[in-house]
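Here are my notes on the model you sent. They start with the surface and the chain as a whole, then turn to single residues.

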Amino acid sequence: MEAVPYLALVSALAALGLAAFYYKAVEAASPGDDRMVFLMTEIQNGAKAFLKAEYTWVSAFVVAMMVLLGVVINPLASLSYVLGAVLSAGAGYVGMTVATMANARTTEAAKSGPAPALAVAFRGGAVMGFAVAGLALLGLMFTYLLFVSWLQVDEAFEIVTAFGLGASSIALFSRVGGGIYTKAADVGADLVGKVEAGIPEDDPRNPATIADNVGDNVGDVAGMGADLFESYAGSIIAPISLTAFSFGLVADQATDDSVLPLLMFPMAVAFVGMVASIIGSFFVKGGESTDSHALSRALHMGTNIAMGLTVIGTLVVSYWLFADGDLYDKPYGLAISVIGGLAAGWALGKTAEYYTSDHFGPVKKIASQTETGPATTILGGISAGMVSVASSVGLILIGVGIAYWGGEQTLGDGGGIYGIAVAAIGMLATTGVVVSVDAYGPIADNAGGIAEMAELDPSVREVTDALDSLGNTTAAIAKGFAVGSAALTALALFKSFEFAIVQAGGELQLNIGEIDVFIGLFIGAGLPFLFAALTIDAVGRAAQEMIEEVRRQFREIPGLREGKEGVVPDSARCVEISTKASLKEMIIPGALAVVVPLVVGVIDEDALGGLLAGALVTGFALAIFMANAGGAWDNAKKYIEAGAHGGKGSDNHKAAVVGDTVGDPFKDTSGPAMNILLKVMTIVSLVFASAFV
């Protein structure tokens with residue numbers, strides 16, 4: 001049983017080996033002609049320059065947190081924190097590097113049809129997926145083995161939890177900074193290019209096009225990778241910390257028969273999920289059709305196989321770890337908790353697909369509402385996003401109920417919360433293949449941009465557009481998994497926070513009738529709205545600067561708008577605007593997630609408990625609303641661009657572009673960052689719990 005962390009460690013190394021294999025496969029593909037290579041290089045250089053600047057800024061925050069942890073908690077906690085931060089940043093950088101290699105290669109492959117293009121784009125995404133899952137599991141298992149098993153240091157479990165805090169810090173800034181960058185460029189390119197100048201998306205005349213394609217990589221690849229790195233690590237940490245803090249464990253008690261299976265089970269499920277993801281990734285193969293149903297089936301085949309294998313593996317490890325009838329009853333209970341989480345995550349993804357895919361009613365309804373202008377288009381998207389919250393809340397509650405029941409079956413009274421904690425791992429057990437499918441989307445989007453800018457045959461753009469449209473839906477599905485796991489993980493970490501307060505000699509009274517809890521509840525309920533407002537405002541300000549620059553270039557560079565031969569836009573200036581604006585704008589929203597719980601916790605820990613509860617409820621709902629509304633607007637625009645309701649250039653199309661512009665910061669900046677906000681606040685509270693008391 002004590003071999004489980006080593007097995008998980010080996011599976012993480014296997015995942016990294018697979019990432020290297022897919023990297024070589026992408027590298028071996030042809031990047032196309034000189035023009036395509038030039039565009040690919042421009043996008044690569046812009047993305048690398050941004051990440052270098054972003055990580056330089058964020059490193060100052062990391063150093064400050066490292067010092068604070070070293071002084072207030074434990075110097076070793078600061079080391080664990082830095083390891084989590086460095087590996088999270090590394091996963092994002094690896095993913096961005098290969099995505100910017102795979103884009104032109106996907107475009108070149110699209111000349112031969114959808115099957116080769118899908119293969120290249122998926123392999124590019126798979127490097128990201130398995131780098132994220134592999135590095136997260138490798139770092140976490142090494143941290144656990146080092147501090148709990150080998151050194152058996154004091155406060156070992158606080159030190160392990162600090163790894164998650166490091167991952168969360170990078171994820172928050174990467175999501176916010178990358179999201180502001182990509183949407184400032186996207187909004188500027190769309191509003192001036194499509195609406196004002198009447199030129200196609202990704203037209204080489206548009207100065208913001210390169211910045212827009214860079215943004216896809218720094219926001220939707222590097223940012224998303226750091227996000228799911230943090231989610232995956234957090235989902236494994238939550239049940240471990242819950243066990244440790246509820247039993248008041250020190251490292252040398254971690255091998256006791258009564259608690260060892262509880263500590264090993266999350267790692268065993270992660271091991272099973274990793275192996276299943278590796279196997280599932282080999283089943284993604286495209287056909288010759290550009291029909292999105294066929295492409296979707298091909299892309300999701302790997303995920304479905306990985307999920308099926310995870311279900312079987314989870315049943316096996318449940319009976320292996322909890323077979324001792326004297327200590328545990330009904331071993332299948334915790335397997336049901338994990339499988340319930342996996343099913344809830346899948347159902348959340350399917351709900352997101354229903355509300356964001358142009359095959360279903362909500363998107364078609366929004367497209368039809370463009371007949372009466374931008375106002376009704378925006379109302380339709382808001383309505384679809386809000387309705388999706390109701391069904392998502394229902395699904396998460398069913399998942400919570402099943403997981404709680406399963407935990408009680410195996411562990412008896414009080415075991416339900418542990419069941420909820422491991423359900424979050426169920427949602428993210430197949431992270432390797434889920435991220436692979438998600439990261440495929442930005443690569444396909446970039447491939448379409450390169451096809452347009454390189455002025456390739458329209459048939460190539462037709463293939464890349466089919467891949468890109470599916471990419472929007474896969475992104476919405478991944479966001480469903482991420483936000484669902486955030487709710488379950490935050491709940492488990494919240495319970496761990498409660499135990500940590502008691503263990504430190506304090507007492508948490510979460511009675512809503514108490515004024516301090518009531519005040520904390522309202523601060524927490526309002527915080528996600530403030531966070532969303534700050535990030536949307538940041539996109540608005542950065543986009544305004546981008547719009548003015550694109551207009552200036554069209555106005556001042558003779559022959560640019562007309563497409564005169566030899567006249568090229570100043571793309572570097574647009575990249576510079578997005579970079580500076582996003583770095584400046586990410587600081588306040590990012591700091592908010594750390595500073596507010598620290599300040600409130602120092603004043604009153606009961607108020608902090610109320611704050612975490614309030615933020616969890618409103619943050620979950622707001623994240624679902626924004627992700628699905630934004631995805632619905634985007635695909636309504638693409639549905640019209642495919643020929644419905646007048647097609648490109650029509651008034652309906654212009655209305656859809658306005659709706660998509662409103663949805664851009666919803667789905668790619670504020671919404672995805674919301675689930676990180678919830679976990680950062682909870683994990684900060686947990687790590688610093690003893691200091692508050």
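Predicted model: local features only at pLDDT ≥ 70, side-chain atom pairs only at ≥ 80, totals over all residues.

1. The protein chain exposes about 22,300 Å², an accessible area from the Shrake-Rupley method with a 1.4 Å probe, in which only the protein chains shown count as cover for residues. Residues are numbered from 1 along each chain as its sequence is written, and side-chain values use heavy atoms, with hydrogens and water left out.

2. On secondary structure, the protein chain has 20 helices and 0 strands. Both are DSSP runs numbered from the N terminus: H or I over at least four residues for helices, E over at least two for strands.

3. On overall dimensions, the C-alpha trace of the protein chain spans about 80 × 50 × 45 Å along its principal axes.

4. On burial, 64% of the 693 residues of the protein chain count as buried. Buried means under 20% relative accessible area, exposed means over 50%, and partly exposed lies in between (1.4 Å probe, protein chains only). Of the contacts with a separation of 6 or more, 85% are between residues 24 or more positions apart; a contact means heavy atoms within 4.5 Å.

5. On charge, the protein chain has 35 positive and 65 negative charges, and their mean positions are 10 Å apart. Lys and Arg count as positive and Asp and Glu as negative, with His and the chain ends not counted. Each charge is placed at NZ of Lys, CZ of Arg, CG of Asp or CD of Glu.

6. Which residues have the most contacts inside the largest nonpolar core? They are F265 and F688, in a core of 230 residues. Such a core is a set of buried Ala, Val, Leu, Ile, Met, Phe, Trp, Tyr and Cys residues joined through side-chain atoms within 4.5 Å. Not counting residues up to four places away in sequence, F688 touches M65, L68, L69, V72, I73, L165 and L598.

7. S436 lies in helix 13 (residues 431–453) and counts as buried because its relative accessibility is 0%. Leaving aside neighbours within four places in sequence, S436 is in contact with F122, G125, A126, G129 and F130.

8. Two glutamates deserve a look at the backbone. E155 has a positive phi of about 55 degrees although it is not a glycine; this residue is in the loop between helix 4 (114–150) and helix 5 (156–197), and is partly exposed at 39% relative accessibility. E455 also is not a glycine and has a positive phi of about 55 degrees. E455 sits in the loop between helix 13 and helix 14 (458–503) and is exposed at 65% relative accessibility.

9. Two pairs can be checked by distance, C-alpha to C-alpha. A352, in helix 9 (residues 332–356), is buried at 2% relative accessibility. A352 and F481 are 129 residues apart in sequence and 9.7 Å apart in space. G540, in helix 15 (residues 515–556), is partly exposed at 35%. G540 and E605 are 65 residues apart in sequence and 36 Å apart in space.
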